[in-house]
Amino acid sequence: MIVLASALCSGLASAQSGLAEFSARVAPQYIFPGATRYGKPEGDPPILPVYAADDLLGYAYLNTDFSGAVGYSGKPINMLVGIDTEGVIRGLKLVEHKEPIVLVGVPEQRVVAAVNKLIGVRIAPIAAGKQRAPQPDIVSGATVTILVMADSVVRSAVRLVRDGRLSPGEVSTGKGAPAAAKVIDLEQSEVRDWASLLADGSVRRLRLTVGEINEAFARSGNAAAAANPQPGDANDTLIDLYVALLSVPTIGKSLLGAAGYDQLVRRLKPGQQAVLVAGDGIYSFKGSGYVRGGIFDRIELLQDASGTRFRDRNHERLGDLAAAGAPDLREIGIFTVPEDFAFEPTEPWELQLLVQRATGPREKAFLTFDVGYTLPERYLKRAERAAPVAEDVQAHNAKREPAADALASHEEPLWKQMWRRNAVSVAITSIALAVLTAIFFFQNQLVRRPPAYTWVRRGFLVFTLVWLGWYANAQLSVVNVLTFSNSLITGFNWEFFLTSPLIFILWSSVAAALLFWGRGPFCGWLCPFGALQELTNSAAKALRVPQIRVPWDLHERLWPIKYIVFLFLFGMSLYSIAFAEQLSEVEPFKTAIVLKFIREWPFVLYAAALLGVGLFIERFFCRYLCPLGAALAIPGRLRMFEWLRRWPECGKPCQRCANECPVQSIHPEGHINVNECIYCMHCQELYWDDQRCPHMIQIRLKRAKREALSSPSMRGAPPMPQSSRLGSLLQSTLQNLSTPTLRQLADTLRRRFP
């Protein structure tokens, strides 16, 4: 019975890990040269023995069973790792990922080749702290992805070696039990000034000048990096970096203030630490990776040859430092150490800074610099057991505040953290949506002022493209629709969608707008790629690029294409959501908006071709190919209100609005097809224009006639002959009518009076 239970547990662990599924796809010789078969999974987390006939070569395991590996996508990067019985990595295989830059940008082969530098690395010295893990080759555009993958491989192998699961008793962990363990002395809580903290090493500093970094790249042997020196005076500060361990009461209270330190302690889990990283100068230690994908790719916490990188959920921005005499620094951040990283604050550790330099349009060179940190002896005391500092701090503060443990044990959900950290972006987006709602509700007042309407619309499109699209990357996609539909089938979770605040806000507003105006508010006002198409077409018109009007019969047969594309993607998502996401590249949104055309040339060529056609046929992609527009048009038929006005003469005989509609959503008979309408309101501008709309022209002429007949001069003067008055009105009408309208009226008169 015990053997059966053990087998069931082993099988359950293997199933949960996904090792069996992934190993079935990868031949054993791919990981171990000469291997012929896998054995049965062992232990929890499971590892697979790898054999050549009956000879044990080593083991295969899934990196994510032992170490986190979350990149830009927010989902695990799964790799099969082969390691022999001596702790040497023998092979790697990337088996599953959702990284957007690898799916549709940098070739997967380049990413795998960069991480393959770890093959042949002996893990035992790294696990013992005698040697540092080698730095993988960096591929520009996939820096974070490669660093995360390499970190995960090394950390998982280190854990496997330290656990003794390869050759028990043969590999030392390098961490014998200390005779007298060191712990933080929590009785010390004095408040010190900046100079004293810096003097005794409580705060460590790294200053790099422009001259020093130029010399370092010159010595690196990279000719391209040496040929592109950092501009500026050699003595200018590139970066002035400061590091401190905030979990220590004296250091934390001195730098954060008593109230700030207490808040930090409440947020820390038992055993968790917090580090201060602050910097000044022209180089940012934060970089831009945390904006795009939530990862701080320029700093890494290292201890005993293992490392971890911080994500945005581990970060809190700080405005200034409370210590007396502290300098004004451009960037100050509080970073909590991830829970899955074994960090001992009483032992030495380093913060590694990655300094990058552009060597070409997409190429970069990298150097690393370390800030070593050892906690000063004044904060330590000897004890029989080593208790984690954060746990002791929690207990110490619980004496003063009984609710501290309860607060500390409660972890704020990730989605709440994301909303708090994106508060400014959420506020800007909410204000923009409020402005757009006001535009729609007061559209009649706006369109009666054509110059104001034109500038308001173009200004909003520029905001949508530049801020919402290129800066915030808040481009909705058909992938969101497919993911939402799939979640309704497999299990809906609000928190998954709430972790992207701007996307959630936009989808909520679009859903509400469907009931009022259909798909137009998004397609015509909130889609960054749609804004890019319209703005480039407006520039083309200003440059007198000829515009092509698609014949109505052909146009009517082309617009169903986007519905076919959407239904095909939706059907494929029911089979494989990952495959459907790849097919969704029919949308050029990632290329043009999210990645800003920094991609492989086929994707850039495709997006550029669509924009090129759009110079001649306005919003070509929106009209005929956009699956997201089709997805929104279907529920948009449920709209409850009709806000777009029409005159009885619209379509019979007047065709002016139909001829001038930028997306040809007005049928020849005069009615507006709301499924195709982008709600640009150009037809409403014409609707109220008494200089261009025939119906409004008649109203204006009648009004002028009444005013002329009722004026004092007309009442006192002899009556003007009727023919003279009619002639004067006719002349005024002819002067205001455009040539196409004259032709339409002439044709109408000929038909009525042959």
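Which residue in β15 stands opposite V355?

Modeller: This is a predicted model, in which local features need pLDDT of at least 70 and side-chain atom pairs count only at pLDDT 80 or more, while totals for chains, interfaces and linings use all residues. Residues are numbered from 1 along each chain as its sequence is written, and side-chain values use heavy atoms, leaving out hydrogens and water. The residue opposite V355 is L367 in β15. Strand β15, residues 364-373, runs antiparallel to β14 and is joined to β14 by 10 bridges, strands being DSSP runs of E with at least two residues and helices runs of H or I with at least four, numbered from the N terminus. Strand β10, residues 299-303, is also antiparallel to β14, with four bridges joining them, where two strands pair if DSSP finds at least two bridges; here L301 has L351 in β14 as its bridge partner. Strand β14 itself covers residues 349-358, and seven of its 10 residues are buried (under 20% relative accessible area, with exposed over 50% and partly exposed in between, using a 1.4 Å probe and protein chains only).

For the helix, take Q533, which is found in α23, residues 528-542. Q533 counts as buried because its relative accessibility is 2%. Leaving aside residues up to four places away in sequence, Q533 touches L611, R619, F620, F621 and C622, contact meaning heavy atoms within 4.5 Å. Other residues of α23, including L532 and L535, take part in the meeting with α18, to which α18 brings L461, V462 and L465, among others.
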